[in-house]
Amino acid sequence: MSSVLRLPSVLALAATLVATYGPATLLAQTPSVELTGGLQPRTIGPAAMSGRFVDLAVMETSPSVFYAAASTGGLWKTTNNGSTWTVHFTNEGTHSIGAIALNQRDTSIIWLGSGERANRQSSSWGDGVYLSRDGGRTWKNTGLRESGHIGRIVLHPSRPEVAYVAAMGQLWSANNERGLYRTDDFGATWKRLLYIDDNTGVVDVAMDPTDPNILYAAAYQRRRTAFGFNGGGPGSALYKSTDGGTTWRNITKGLPAGDYGRIGIGIFRGDPRIVYVSVEQGQRYTASTAYEQPEAGLYRSDDRGESFTQQSTWNPRPMYGSQVIVDPVDPCRIYMINFFSMSTDCGKTSRQMRQSLHGDDRFMWINPANPSHLIKADDGGIGISYDRAVTWQFMAHLPVSQWYRVAVDMQKPYRVYGGLQDNGSWAGPSSVYRSEGITNADWVKWGGGDGFFNVVDTSDNRTLYSSSQFLGLSRIDMRTGEERSIRPGDPTGAIAARRNWTTWGDPSVPPQRLGNAMAPANWDAPIIISHHDTKTLYTGTNILWKSSDRGNTWTALGDRTTGIDRRTLPIMGERPTASTRSLDDGVPYWPSVSAIAESPTKKGTLWIGTDDGNLQRSTDDGRTWTELAGSLAGLPRGSWLNGIEPSRHVDGRVYVVANNYRSGDFANYVYRTDDNGRTWTRIDGGLPAKRVARTLREDPRNADVLYLGTELGLFWSNDRGATWAELRGGMPLMAFNDLVVHPREHDLVLGTHARGIYILDHARTLAELTPRVTASALHVFSSRPAEQIRYRDAIGHVGEIFFTGENAPAGGIIDFWSKTPGVARLAFKDAGGRTVAEMQMNARAGVNRAVWNLSYSETGAPVERAPSGPFVLPGTYKVEVRVGANAAAAASSSVATGSIEVRDDPRIVVAADVRRAWDADMRSLATLRGESRALAGRASAALRALANDAPAARRATLAEFARQTGELASRAQRLYGDVNGAIGPLTGLQAEQKAYYTRMVGELTREMAAADVR
């Protein structure tokens, strides 16, 4: 994949087929991947903010070659120091990466541990260890499929078949496949070398660079739940082996007593007697990511870990990273991850580094031959420094943004809005009128923090309600830039920190005056605009709130949660105390409202879901409520209600999506009611197991068609969920956290938590893909109006580190169904029945997509090429499609018909008679261009065919004809392009040139005939 996405020209798009030959025949009438494979979503980025990268692997003999592992967005490889990238690991059993390791002796070998090693509430999970023997092009899963998350992989320096893997285990539950593993046969078999218990895995492993038998391993006990996090316990410990991992000793000398949290290991490459470890320990951890009383911290050993001396208590947010990175030349220069910091005195003091990159760091590589050369991976992408972190080069062309929520407005082209993991809230166009496509500069940031719901008042397309984590809610005027906080629930204000331990943690301490935290709200707190009044908003903390004045004032509609005190709920068998490690990091509030929906057909009918398992309905605008969660058969009590979708087609029909993976349950839970919640039908039976449903949307045109985003793929149904099929269309395996169908364009806009925004243009084809259609031999779907956009080049030279997203197809989309594969011929006819354009393409069995560039076909031009004449007149055109085994068979086969409306560029307004006159001029100029080209071709062919011993006079005559006809063709082409640039009558000069070129065509034709030039 190129880092610069170059778009084809308008003409080249005309015969685009987004699929190749498929199965010989499709007999099934239910959805399938093959059936819809011809529909391929496009990516629009963005890459401006990049996204979370978690690990690096650099070829030390050639540091311009390295791999960067995105947490959910693939494994990216560069061979030219980041100028361009190719992406790998996109179609395996998971999208989440925890660790990578490159064999430095045979650099075709790369190991990948799946499952992100960060313990975030948004972290995804993996399915084991993968091996590539061809530089990342292909992969094999080598086992440890239940390991959940991989913390680190180290490789034997001389035996490529040997690898050590630190398996952290499942984040959300106890499981046995944890510990440190070794393979001696490229992953064919694994031996567990170190095991503590089912709550404790291994997060880090390090190898002595001079003796591969000396290993260090960090055991890590941790558990995340829906309501909190416990990041430590008696299982966390530091271990050492001197026999390649066969036996281990617990290293304690010089380290503090008591339970630990996360431990990170760093070895000085120049003298491996020097070992640093970061040890998590402290009192009164707040959800604002720090200990009120830090303990432990950074330790140094000068005897290969036999004893340690504390250097300082510095250990920034250990739950998230806690990685010690030692300069390969200077043993006292220490870098610490998560808050990027550097020490030059062996860790006694550290300073956070000023940087122009993202602040949440995942990993850093230091060039052993030049320690000023650094590469850093963080939650905002990849940066390269050549001056030891003073300045950075940012890789602004890696589209790996992780979207939580997505929305659209009604501008034209419409804009896409949403919130991203740790990268704020952004808005960008679905298309632009530049031929280069959508650039980073087209995206505008409207909010900070972790972005979530961003909803637009489509009555004005300028009022944006933007939220960050825990309902940081603002109303923004996007025209003026004015912004106002409208978060409800805090009449006395609140402390800036998310939680204050003294106020919140110890019930024996009286509340502090002016020490209160803000009203509790979900990480992904919902907000909606009423279907019935755009001034009315609903949002949720633990309370459901309503505003009738765009957020200026709010009315409480009651605490909708169970009200349970999470302090009564144990994690790993223990209730939290002041010494619980990383207590609740990332989850400062629970329980809270997690989903809100309003009936689009019944004003006053509201639905809410909570993160502690409540599902409630009100039919009187929130005055009274009915609890319904108990009616959802098979749903474990306390499951997280993730999404609610009331039907716009049928009163009383509602869809509910829930998940329970935060309790270690990865089952799918999707439900439908047709009687307003009295009874429910579970509709996830047709899904592959363990995909974890996140968002469901009903098609606005067809009540039977549903779209479902899951942690592992996108699905659709044409029978209200009785059966499901994956919608892949060339996309990588990704998490689809949110999606929306644009109400005007009927585009399916996909918010992926991996690779930014994808758009399936003209998704109404899916709404029309009924069993009647799939039973037919050939069918043409309806087409939306197509516009003759005048794209133009508008950007100067930019080099390679430049991202462009894909525009919508340039022309008219023609989707058709074919029962069998073959050659398809498409003809476009005007109102008088005259064929104005023809195309030919290979068709697959299933749905096919062609794009007509809305141009005339030139007389005699082969149908295998795109129509190359001027734009056709605006109007409605009949579309005829034939499919046969070959071109000849297609020409005489049975026909399916449709129609498409062609409109002029919406930015151009001209009278109909002016447009018709311009059309006539363009067609005559196209004829003139074709005639001059034909003359030039004849002259050039005659000159090339001349025998070597031909008379000089004859050669000179033909050469002069070739020169003159070539020049005439060039001038005719320039005139054609000039007139095509603007609709209107020919200028005086253009008319004179046209007359002159026409006369010259005649003269040269006669002269060449007289000279016997054939």
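Cys346 is found in the loop between E26 and E27 of this predicted model. Although Cys346 is not a glycine, its phi is positive, at about 65°. Cys346 counts as buried because its relative accessibility is 10%, below the cut-off of 20%. This residue also takes part in a disulfide, with Cys332 as its partner.

**The disulfide**

- One disulfide is found in a search of the whole structure.
- The sulfur atoms of Cys332 and Cys346 are 1.8 Å apart.

**Backbone features**

- Most residues other than glycine have a negative phi, and most peptide bonds are trans.
- His762 has a positive phi of about 55° and is not a glycine.
- The loop that holds His762 runs between strand E59 (757-760) and helix H2 (764-768).
- His762 counts as buried because its relative accessible area is 1%.
- Gly45 and Pro46 are joined by a cis peptide bond, with omega at about 0°; Pro46 is placed in the loop between strand E1 (42-45) and strand E2 (53-58).
- Another cis peptide bond links Lys412 to Pro413, with omega at about -10°; the loop between strand E32 (403-408) and strand E33 (415-420) contains Pro413.

- Gln170 is situated in the loop between strand E11 (163-167) and strand E12 (179-183).
- With a relative accessibility of 9%, Gln170 is classed as buried.
- Beyond its neighbours within four places in sequence, Gln170 has contacts that include Glu146, His149, Arg178, Arg222 and Phe666.

**The chain as a whole**

- The protein chain contains seven helices and 68 strands.
- The radius of gyration is 32 Å, which agrees with the value near 31 Å that a compact globule of 1014 residues would have.
- Along the principal axes, the C-alpha atoms fill a box of roughly 105 × 75 × 55 Å.
- Of the 1014 residues in the protein chain, 62% are buried.
- Among contacts with a separation of 6 or more, 58% are between residues 24 or more positions apart.

**Surface and charge**

- The protein chain exposes about 36,200 Å², and carbon and sulfur atoms supply 49% of this area.
- There are 110 positive and 103 negative side chains, and the centres of the two sets lie 2 Å apart.

How values were computed: Residues numbered from 1 in each chain as written. Predicted model: local features only at pLDDT ≥ 70, side-chain atom pairs only at ≥ 80, totals over all residues. Heavy atoms only, no water. Helix = DSSP H or I, 4+ residues; strand = E, 2+ residues; numbered from the N terminus. Rg over C-alpha atoms; globule rule 2.2 N^0.38 Å. Buried < 20%, exposed > 50% of the residue type's maximum accessible area, 1.4 Å probe, protein only. Contact = heavy atoms within 4.5 Å. Areas by Shrake-Rupley, 256 points an atom, 1.4 Å probe, with all protein chains shown as cover. Lys, Arg positive; Asp, Glu negative; His and termini not counted. Charge placed at Lys NZ, Arg CZ, Asp CG, Glu CD. Disulfide = S-S within 2.5 Å.
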